[in-house]
Amino acid sequence: MIAEVAEVTVRDAVPEDAVNGVLPRWVALPETVEEIAAVLRACAERDLAVVPAGGGTKLHWGPPPERCDVLLDLCCVNEILEHAAGDLVVRAQAGVTMDALAGTLAAKGQELALDVPFPQDATVGGTLATALPGPRSFRYGTARDLLIGITVVLPDGTIARSGGKVVKNVAGYDLGKLFTGSYGTLGVIAEATFRLHPLPAARRWVVTELDRAEAAPVAAALATSQAEPSAVEVDWPDPGGPVTLAALVEGAAAEARAGALRELAGGSVTEERPPWWGLIEHDEVLAEARFLPAGAGASSTRWPRPGWPCAARWPPAGCCWRRGATWPRTSWPPPSRGCANERGCTCWPPRTTGSTGGGR
Amino acid sequence: MMDTLVAALRSVLPADSVITDPVRLRTYECDGLTYHRATPGVVVLPGTAEQVAQVVRLCNEHGVPFVARGSGTGLSGGALPREDGVLIVTSKMRAVLEIDLANRRAVVEPGVTNLAITEAVRDQGYYYAPDPSSQQVCSIGGNVAENSGGAHCLKYGFTVNHVEACEIVTPDGDLVTLDRMDPGYDLLGAFIGSEGTLGIATKITVRLSRAPEAVTTVLAAFESIEQGGQAVSAIIGAGIVPAAIEMMDALAIEAAEAAVACSYPEGAGAVLIVELDGPAAEVELQFARLRQICANAFELRVAADAAERAAIWKGRKSAFAAVGRISPAYIVQDGVVPRTSLPAVLAAIDRLSAEHGIRVANVFHAGDGNLHPLVLFDDEEPGAGERAEVVSGAILDLCVEHGGSITGEHGVGVDKARYMPKMFSADDLDTMQLVRCAFDPRGLANPGKVFPTPRLCGEVPGVRKGVHPLVESGKAEQF
């Protein structure tokens, strides 16, 4: 296949490569933006359907792809291109894992304020493509709010950029917004530039257990407090049981601010992250609904209400209510991925020369 | 064509909402960028979203372009009318429709001014965060079109980070709602900042922010701009994200002093305004650190109350208009560089200034590298305007060279469309054009803005395949 993509590693797919039960024919492992473009161009010319993949942590979400001829595995496009600490900006390639990125940034006392699930495997590209926010999006916004520049490859192989590497920039359309949350349906995210925040000097959680009726007004009071929590989260595993409410404060004065929140909510102040905090147990999420913060008082029988939009993303400014029911899937965890290139990841399965042509 | 359109407009709008009188039309011939002017073919003042939709549908039926305008304070000519088109002015749509503090949001019509939103909720302890300098008059609809920022966007972000939903009239006249909470593509994010080329916002749901517990505003005077710049780097390096960090150079201070007698410290080579806000305990710690960082400032003033805070901001907020006191004419530029490039870029601006004999006053949002050089010239002096243009354009070149942007908050509009190819490749622009054509296939929504070469959507870029035959045969080169 794809003989003219001679410089790109391509191998035959194996059963572990299946996307939600749909087995691709080939797996392409580009290492540069140009190689991504070469693969997409070649596929477009042959009418081959492409599914882009990062760490594979959310690849099976949603319905299976209608077609998948080529799995475009971006694990080898994994360079952190520039961390301009003085500018609070980082530019990274799509295949960089969120943990690797966090490690680099933390060395200079900074962070990308997105607390995404599965950061060990989740990648920059996949994080953007799925736009799944974590609890702290309440204060910092979601991926689209922290993304300031993007390089994408369109299905025809065109490489396009928008935004840049400065936070303040209104030149041209913001393609980053369109690609964030597009689940790979508009093209492939190849590189991204984010605005960063200083790592908070300290963190405190205020954790309190409440009756259901108390939860909504207390959550609202916490969320609007001038102690400025970074997140307010609810855990309610048993619909007949109590509700646990937790608020996070971050900063040098976290202890004093947490004290102010405890005045509102009761409970205790801790340095320990609650075990359920921001956790999506692998595949146990049944559904997510978005509602306005004041809707948090609705009982489970009225939720979701008709007209409330449901999506695989949770609300940017509300709480996420997770029901206890699980819907286990069979294929967790996904195979670990990576390549044995100079940037130090290890591919799974080991890289092989494509048996039908190409490869090196 | 225009006559039949005007008759049709009169059939759907009240009589006083359709303006054709040439004298009255002239009121609308430019926005805040006054050196681009055009008399609109007709001006309409719709009072409802449905009327906006009807106007746009009529424009479609007649194949006539339309331009939306809010308060007309834009600085890039985004609301420059078309002589062959309709100017849709939202000034009659000024209702605050709903304030929902429980959900921290307000729903407003596009003609509502930015500041009016804050004024409606201030007593309850809330505010609308983006604060462009023109906030007393600029409209929220215009803010959405331009993705406006303001002095405090260093910490709080731009319009796009504070708008939850927009009802818009699409370029073919449909009334639809784009909501951040909707599943699917983030069309709201793409719409905001599209400068009226993807439709017209008719109802806007904004996020309201809780007023901070404490605000500390500091004015630090330094002997030189370099010292001020070092302080900015040290603040960021200390992990502090102030609400705002603004800097003015000696010439800008001189102008502000002449205009509003802001009494900034005498002899300052640069003043820095730093505003810290947030929980009181946090602000107190940050302020202590800030004092250490600004140890080499020769004067440090701390506002004790709201009146003193206003006094500190007075000079900065009046800076643009103030240069009128020291120069007969001036160009307000808007460019962005990475913050760490500020010293190099300011030095290069100095060189440009000396080389062309054109004075440049620098006022900028130092925290995010957003420069607003004021290029001063005497329009009576032959050739001075041209030289000022050269300097102004060269400053944008500097911004692009340093990896920045040709506009941080004023927009591309008609003014900077020609600079877009300096920042973006043909493929980048073609891809943006695909978005344009998805919304506006007939190219009727604010044509001629943002993009340098307006294309018809029939000519939408195909895939570039291989080398152009002319290049291959050696008859042409691509740059």
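Modeller: Axes are lines fitted to C-alpha atoms, for helices over the stretch in contact, and angles run from 0 to 180 degrees between N-to-C directions. Helices (H or I, at least four residues) and strands (E, at least two) are DSSP runs, numbered from the N terminus. The model is predicted, with local features requiring pLDDT of at least 70 and side-chain atom pairs counted only at pLDDT 80 or more, whereas totals for chains, interfaces and linings use all residues. Residues are numbered from 1 along each chain as its sequence is written, chains are lettered from A and ligands numbered from 1 in the order in which they are written, and side-chain values use heavy atoms, leaving out hydrogens and water.

In chain B, helix 13 (residues 342–356) packs with helix 14 (residues 384–401) at an angle of about 160 degrees, and their axes lie 10 Å apart. Helix 13 of chain B contributes B:Val345, B:Ala348, B:Ile349, B:Leu352 and B:His356 to the contact (heavy atoms within 4.5 Å). From helix 14 of chain B come B:Arg387, B:Val390, B:Val391, B:Ala394, B:Ile395 and B:Leu398. By class, this contact between helix 13 and helix 14 of chain B comprises nine nonpolar residues, one polar and one charged (Ala, Val, Leu, Ile, Met, Phe, Trp, Tyr, Cys and Pro count as nonpolar, Asp, Glu, Lys and Arg as charged, and the others, Gly among them, as polar).

As for confidence, chain A averages a pLDDT of 81, and 77% of the residues score at least 70 (pLDDT is the predictor's confidence in each residue, from 0 to 100). Over residues 297–360 of chain A, the pLDDT is below 50.
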